[in-house]
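Student: I have a new model open and would like to learn how to read it. Could you take me through it step by step?

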Amino acid sequence: MISETCIAPVNIAVIKYWGKRDEELILPINSSLSMTLSTDQMCAKTTAAASATFKENRMWLNGEEVPFEGNPRMQKCLDALKRLAEAEKSKRFPLEWKLHICSENNFPTAAGLASSAAGYACLVYTLANLYGVEKSELSSIARQGSGSACRSIYGGFVEWVAGIKNDGSDSIAIQVQPALHWPEMRVLILVVNDSRKKTSSTNGMLNSVNTSDLIKHRANVCVPQRILQIKEAIARKDFKTFGEITMRDSNQFHAICLDTYPPCAYMNDTSHAIVNFIHQYNETRGDVKVAYTFDAGPNACLYLLEEEVANVLSLLNKVFPNDNSENSEYVKGIPIDLQKVRPASELYNQEIVPVGNNLLKYIIHTKAGEGPQKLLDPEDSLVDDAGMPK
Ligand code: DP6
């Protein structure tokens, strides 16, 4: 048996991908841009093993076996990597050998956090290591698993260039700035309590392309301008411009969702209360100090600089009080020193009225990070010597 184990990061878009021009190849109607998050706090981990003795391809996700052959996107990624191995005459093992693949997230998948991006990036990167192929084409292969996954192949700030070719060969991710370019940048993910059934991104964006008139204006006019402006803002480390574009783009994406027929509401009342909170905070501070962005769900992702984290968190605990806020599990990730906060009156010019109790499940504090990495310690493998989940 031969096996490889790798981890891959989550990414959070500041210019959103929403809408495909080709469903099969997963080609988008607009370019998008994201920051890759550190794998120290959130990552997908995958072990892929190949052996002459395996009878069939099998896969386990977070400990549960899932059908392998029934998943066309996964099959597509595997076929693309095998073709690459054939073209490069990779000789690590015979290509007929069957695979056992085990994959896990170190954060709850149910929380609706960008798990498919990390998951497919990890699958593709791990298989590339297993087959021993060149890594230059991995973003376009990961894209065929889940569009946003192509951006998780790189660290730092990453653009997924939409491309114009029908075969998708120019629809690839590129690194815009490395992870260490803006070391003060931080992210707070506010995981919101919500039990509604959500429309998947795949179906939501298909409905938007088919029914929204606004989406065309967004893709043709707004996004190209914003991509240029936000890349400049990132290069200059201009948080004000970065934050404003991020918030406007999130709002526009959710406006498109409401312009979809029937409408698709991903944000809930708590999400909207967070939006109000951030605008009030920025107004009091007299500057854009925090920016929110929401994906296809109610959780907020806040971008802010390190110096602002303790201020925002101390106020969040007052406006969104939680019975667990003293518990060390409530704020996960990079430790925060809550001693170093400004007086509440300097942070919030409103009377502090709690929106409601326990509206947030927990908070993750993280920052920018690198792309996928190979793990060398056999202890990290998710399979035993027989190739079964440990
Ligand atoms: C709202 O990549 O999950 O997170 O390509 O159909 O798998 P598929 O969709 P997916 O869509 C992500 C949409 C988003 C915005 C973004 O990450 O850019």
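Student: How many helices and strands does the protein chain have?

Tutor: Helices (H or I, at least four residues) and strands (E, at least two) are DSSP runs, numbered from the N terminus. Here the protein chain has nine helices and 17 strands. Its radius of gyration, taken over C-alpha atoms, is 21 Å, close to the 21 Å that the globule rule (2.2 Å times the number of residues to the power 0.38) gives for 390 residues, so the chain is as compact as a globular protein of that length.

Student: Before I go on, what should I know about the model itself?

Tutor: This is a predicted model: local features need pLDDT of at least 70, side-chain atom pairs count only at pLDDT 80 or more, and totals for chains, interfaces and linings use all residues. Residues are numbered from 1 along each chain as its sequence is written. As for pLDDT, it is the predictor's confidence in each residue, from 0 to 100. Where pLDDT is low, the predicted coordinates should not be read in detail. In this protein chain the mean is 95, and 98% of residues reach 70 or more.

Student: Why is strand 6 described as largely enclosed?

Tutor: Start with burial: a residue is buried if 20 or more other C-beta atoms lie within 10 Å of its own, exposed if 12 or fewer, and partly exposed in between, with C-beta atoms placed from the backbone. Strand 6 (residues 43-51) has eight of its nine residues buried, so the rest of the structure largely encloses it.

Student: Which strands pair with strand 6?

Tutor: Two strands pair if DSSP finds at least two bridges between them. Strand 1 (residues 2-9) pairs with strand 6 in the antiparallel sense over eight bridges, and Glu 4 has Ala 48 as its bridge partner. Strand 9 (residues 98-105) also pairs with strand 6 in the antiparallel sense, over eight bridges; there, Lys 45 stands opposite Glu 104.

Student: Is Glu 329 buried or exposed?

Tutor: Glu 329 counts as exposed because it has 7 C-beta neighbours inside 10 Å. You will find Glu 329 in the loop between helix 8 (309-319) and strand 15 (331-333).

Student: And how do I read a nonpolar core?

Tutor: It is a set of buried Ala, Val, Leu, Ile, Met, Phe, Trp, Tyr and Cys residues joined through C-beta atoms within 7 Å. The largest one here has 111 residues, and Leu 302 is among those with the most contacts inside it. Helix 2 (residues 115-131) gives the most to this core, with twelve residues.
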